[in-house]
Amino acid sequence: MILYYLLTTIYVLVCVMLLLVILLQQGKGGDMASAFGGGSSQTAFGARGGATLLSKATTVLAVLFMLGALALAIIGQRGPGSIVSGTPAPPRPAAPATPAPTTPAPTTPANPAPATPKPPQ
């Protein structure tokens, strides 16, 4: 379970760093003229420059973000763990014996004879 918490902490740090690296990057052709087709470049996605340190860091952090999300999803599927999951259950206490009844139950015959009426006198 310690692995889950360690991986979650690293994942949160990667998320924060990815957020900062993306916000630090300069937009490509983000001025008003390029919004209406007046950009200085005629290529479809703007001028292609060399990969800067920030773009490389973005790529590495994005890959770590995806792998971390996958790893946490796989670990999280096993369900919540418990600290005592590996220990055996404590023994149950012995159940107290029930005392025998002190008064005997009334007995009735299994097949009582039918009552015969007396002849009149």
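A residue is called buried when its relative accessible area is under 20%, exposed when that figure is over 50%, and partly exposed in between. Keep that in mind for the views below, which come from a predicted model.

View 1. Of its 121 residues, 7% count as buried. The accessible surface comes to about 11,300 Å², and 69% of that belongs to carbon and sulfur atoms. Now look at contacts between residues with a separation of 6 or more: 94% of them involve residues 24 or more positions apart.

**View 2. T58 is a buried residue in helix α3.** Helix α3 covers residues 53-76, and T58 has its place there. Why does T58 count as buried? Its relative accessibility is 17%, and the cut-off for buried is under 20%.

**View 3. Here's who T58 meets.** Leave out residues up to four places away in sequence, and T58 touches L18, V21, I22 and Q25. With Q25 there's also a polar contact, side chain to side chain, at 2.4 Å.

View 4. I10 sits in helix α1, which runs over residues 2-24. Together with I2, L3 and L6, I10 makes a patch of about 430 Å².

Key. Residues numbered from 1 in each chain as written. Predicted model: local features only at pLDDT ≥ 70, side-chain atom pairs only at ≥ 80, totals over all residues. Heavy atoms only, no water. Patch = residues over 30% accessible without salt bridge, like charges linked within 9 Å, V, L, I, M, F, W, Y side chains within 5 Å. Areas by Shrake-Rupley, 256 points an atom, 1.4 Å probe, with all protein chains shown as cover. Salt bridge = Lys/Arg side-chain N within 4 Å of Asp/Glu carboxyl O. Helix = DSSP H or I, 4+ residues; strand = E, 2+ residues; numbered from the N terminus. Buried < 20%, exposed > 50% of the residue type's maximum accessible area, 1.4 Å probe, protein only. Contact = heavy atoms within 4.5 Å. Polar contact = N/O pair within 3.5 Å; in protein donor to acceptor, adjacent residues only side chain to side chain.
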